[in-house]
Amino acid sequence: MKFEITPSLESYKELIKFCCSSRKVQLALDIVNQISQDGLSLSIDMLSCILHAIEENYELFCCRSLKPNAETFRRMISLSVKMKDFGSAYAMLNDSRKMNVKPVAGMYNAIMAGYFREKKISTGLRVLKQMELDSVKPDPQTYSYLIGYCDREEDIIKYYEELKCSGITVTKHIFMSLINAYAACGQFEKAKQVLLDEGIPVKSLNELRSALVSSLASNGQMADALDTYEEIKQSVGDLEPRAVLSLMECLHSERYLNLMLQLLEELNDQGYWIEGCCRVISFCIRKKHLSTAVHLLKQLKDKFCDDELAAEVLFDEAFAIIAEEEPADVQFGVDLLQAIKTKDLQNSLLIWKEYEIAGLPYNVFNFLRMYQLLLACGDHKSAEAMRTKILKDDPDVRDVIRAFQVTYPKSTTPAKANKRPQQQENK
């Protein structure tokens, strides 16, 4: 499933509801997978909606003597695992036998992967034993999970040898699991050597190189990760979007700003670009790169010109990062508000409150900027209170105040002002 324009999370939710009400549960599950691929967070409401639809469909199967196939059971088991309801997953596995539906590896894989994600490795391996008891042969995905969650080199070698002896074709995902497992075990050279395997299809090589970049970076091998990234660029390839985001997540030094911006330019998909842009903005705020942060925030605002709620959430997240800093750099927050010319009264008051809490010194410029912001937000009552705190001995200051008053004339419609900010006397 692929959308030309990445839907919002709310749009996805409505799509899932529609699919469930139309009894298109499999399509709803496809949408869940797409949400995960887009890097968005699933809400419990979405999963509950699907689970309810599955229960209704399941009752429909039982009441009307309909026989679901193995794929239907696999999907229902997979969703139960995503809901962390392993009891229901096992119950459906047992029901498949009662309905004479031959269990397939995918059903067990879903349960095993769920335990692995919960870091319950020994419980996941018991699922593998159950497969053997039920005479169900592992498939490539089974070995992909087994290798990917190994924390010892000898286990990686063991499962890979078993795979080759079974005659199963080594897939792209198995190669990825080998890369990730070796890197997680600290065997970085062996992770690199995976790319030398002659069985790797040429069309999969770029994706596997991207996986290597991501694994090296996330395991602290930034120099090697960047070398591999350069090799990809020199071979006229592009880093996979997920690898770009993973690499961004690991770049913490101030010297990487240009690289962050370069990586952002490589994200052509809008969904990935927005997520990447948010990461670069976060980086810029933490490293105090005001002009770049403002430039990117304006680009994001343009992207969401028709969605004020989404834009508001993005700006709130940006200011939340400032508030989380120890100590909070409130002046940077004021500068950011001024630079993007936002008319967000709530954020204006929040920044001023944080300034007071931080106990930072006040001067005429602080008051002038806050006065301008309150006028721009339409809160003329608070702005007038702020104006009384400004020393007006300097004629230039008086000229600036008059200029603000001309630029932001008082509206005839009363502004929705929040609680007036507390001011400290300018000593």
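A: Start with a cut-off: a residue counts as buried when its relative accessible area is under 20%. Keep in mind that this model is predicted.

Q: Is Y371 buried or exposed?
A: Y371 has 2% relative accessibility, so it counts as buried.

Q: Where do nonpolar side chains tend to go?
A: In soluble globular proteins, they tend to be buried together. Here, the largest nonpolar core has 86 residues. Among those with the most contacts inside it are I77, L239 and L263.

Q: Which helix gives the most to this core?
A: Helix α16, residues 270-286, with nine residues.

Q: What is L239 in contact with, leaving aside its neighbours within four places in sequence?
A: Its contacts include V213, Y229, I232, L247 and L263.

Q: How is a pair of aromatic rings described?
A: By the distance of the centres and the angle of the planes. The structure holds three aromatic pairs. One of them joins F116 and Y149, 5.1 Å centre to centre with 40° between the planes, and is tilted. F116 sits in helix α6, and Y149 in the loop between α8 and α9. F116 is buried at 1%, whereas Y149 is partly exposed at 31%.

Q: Which residue forms an aromatic pair with Y371?
A: F404. The pair is tilted, with 6.2 Å between centres and 50° between planes. Y371 lies in helix α21 and F404 in helix α23, so the pair ties together parts 33 residues apart in sequence. F404 is buried, with a relative accessible area of 14%.

Technical notes:
Residues numbered from 1 in each chain as written. Predicted model: local features only at pLDDT ≥ 70, side-chain atom pairs only at ≥ 80, totals over all residues. Heavy atoms only, no water. Core = buried A, V, L, I, M, F, W, Y, C linked by side-chain atoms within 4.5 Å. Buried < 20%, exposed > 50% of the residue type's maximum accessible area, 1.4 Å probe, protein only. Helix = DSSP H or I, 4+ residues; strand = E, 2+ residues; numbered from the N terminus. Contact = heavy atoms within 4.5 Å. Phe/Tyr/Trp six-rings, centres within 6.5 Å; stacked < 30°, edge-to-face > 60°.
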